[in-house]
Amino acid sequence: MSNAGEPQSVDPQPDRPDLAEQPPSPGALFRLLAGPEHVLAPERSALAGYYRAAFSSDDGETLERYLTDAGHAEILRRRAAGDLTLSSEEFRQWTVAPDMVALEARYHAEAGQGA
Amino acid sequence: MRLKLPAEASSCRAARELLRRLKDSIPAAVLADMELAADELLTQSLLVQPPANGTITFEMDASRYEVTMAVEDVADPVGPPRPITADDAATLGLVVVDQVADRWGMEQHGDVIRTWATFALPSPADEDVRPAAAS
């Protein structure tokens, strides 16, 4: 399904035009604003394995993104090291659009890579 | 039940899948809390003290009244584990474990670090919380 070692882009979701987005420009930086924390279900219970975090882009836009276990661990690792900034490549590698289908697709892609 | 997992983030999902096999014997609400705690226990194990041997042991032990799960890893022999601070607890999600588990703790036995969490199981007489498969 995927090229070896090359994370597949799983967003934007074709059925979610509100999530359609242009790939970040190569030099863009994204700063962690909040999270990561578990995604909440509609009844406010936390969902295991589904994480979210908020980032700010260079132009000041606030972006909510979802994270897999791997993305969650990476963001925590970076935060513990005092580094709150992701490059555009890291942003695409470790986060997905805030959509459960996108997150499941990323999990699927990671499993294919043995992540 | 003991499961050897690679010391990588994908093991969180493997642990959750193991827990979901118990859906017929553990109430859904308790199981959901256990999955959250498993996420956090495994993640903190990977981040605070990366296992020296590249594996993590995920263990579960159930009785009639409670179920305990634990994550064990072999500490890096070059130094003792870094003490967990209040900031770490907030950062690494142990606050979540504290919120959802009835008891939890961290122990060191030789070079093995064991972090555990225990969840009380409701009385089988309580019709409202009995799992559907048992009714």
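This briefing describes the fold of chain A and the way chain B packs against it. The model is predicted. Chain A holds three helices and four strands, and its contact with chain B draws 15 residues from chain A and 14 residues from chain B.

**Chain A as a whole**

- Read from the N terminus, the elements of chain A follow the order β-β-β-α-β-α-α.
- Chain A has 115 residues, of which 30% count as buried.
- Among the contacts in chain A with a separation of 6 or more, 57% join residues 24 or more positions apart.

**The sheet of chain A**

- The four strands of chain A make an open sheet in the order E3-E2-E1-E4, and their pairing is antiparallel.
- Strand E3 (62-67) and strand E4 (85-87) of chain A are the edge strands, each of which pairs on one side only.
- On average, and with direction ignored, neighbouring strands of this sheet are turned by 40° against each other.
- Strand E1 (residues 29-40) of chain A runs antiparallel to E4(A) and is joined to E4(A) by three bridges; Leu29(A) has Ser87(A), in E4(A), as its bridge partner.

**Helices lying across the sheet**

- H1(A) lies across E1, strand E2 (46-56) and E3 of chain A, and runs at about 125° to E1(A).
- A helix of the other chain, H2(B), lies across E1 and E2 of chain A, and runs at about 50° to E2(A).

**The side of chain B that touches chain A**

- The elements of chain B that give two or more residues to this side are helix H1 (11-20), helix H2 (28-48) and helix H3 (86-92).
- H2(B) provides the largest share of the side of chain B that touches chain A, namely seven residues.
- By class, the residues of chain B on this side divide into seven nonpolar, three polar and four charged.

**The packing of H1(A) with H2(B)**

- Two packed helices are described by the angle between their axes and the distance between the axes.
- Helix H1 (residues 69-80) of chain A packs with H2(B) at an angle of about 45°, and the two axes are 10 Å apart; because of that angle, H1(A) counts as oblique to H2(B).
- The crossing of H1(A) and H2(B) is right-handed.
- On the side of H1(A), the contact is made by His72(A), Ala73(A), Leu76(A), Arg77(A) and Ala80(A), while H2(B) brings Thr43(B), Leu46(B) and Leu47(B).
- Sorted by class, the contact of H1(A) with H2(B) has five nonpolar, two polar and one charged residues.

Methods: Residues numbered from 1 in each chain as written. Chains lettered and ligands numbered in written order. Predicted model: local features only at pLDDT ≥ 70, side-chain atom pairs only at ≥ 80, totals over all residues. Contact = placed C-beta atoms within 7 Å. Nonpolar A, V, L, I, M, F, W, Y, C, P; charged D, E, K, R; others polar. Buried ≥ 20, exposed ≤ 12 C-beta atoms within 10 Å, placed from the backbone. Axes fitted to C-alpha atoms, helices over the stretch in contact; angles between N-to-C directions. Parallel < 35°, antiparallel > 145°, perpendicular 65-115°, else oblique. Left-handed = near helix turned anticlockwise from the far one by under 90°. Pairing = 2+ DSSP bridges.
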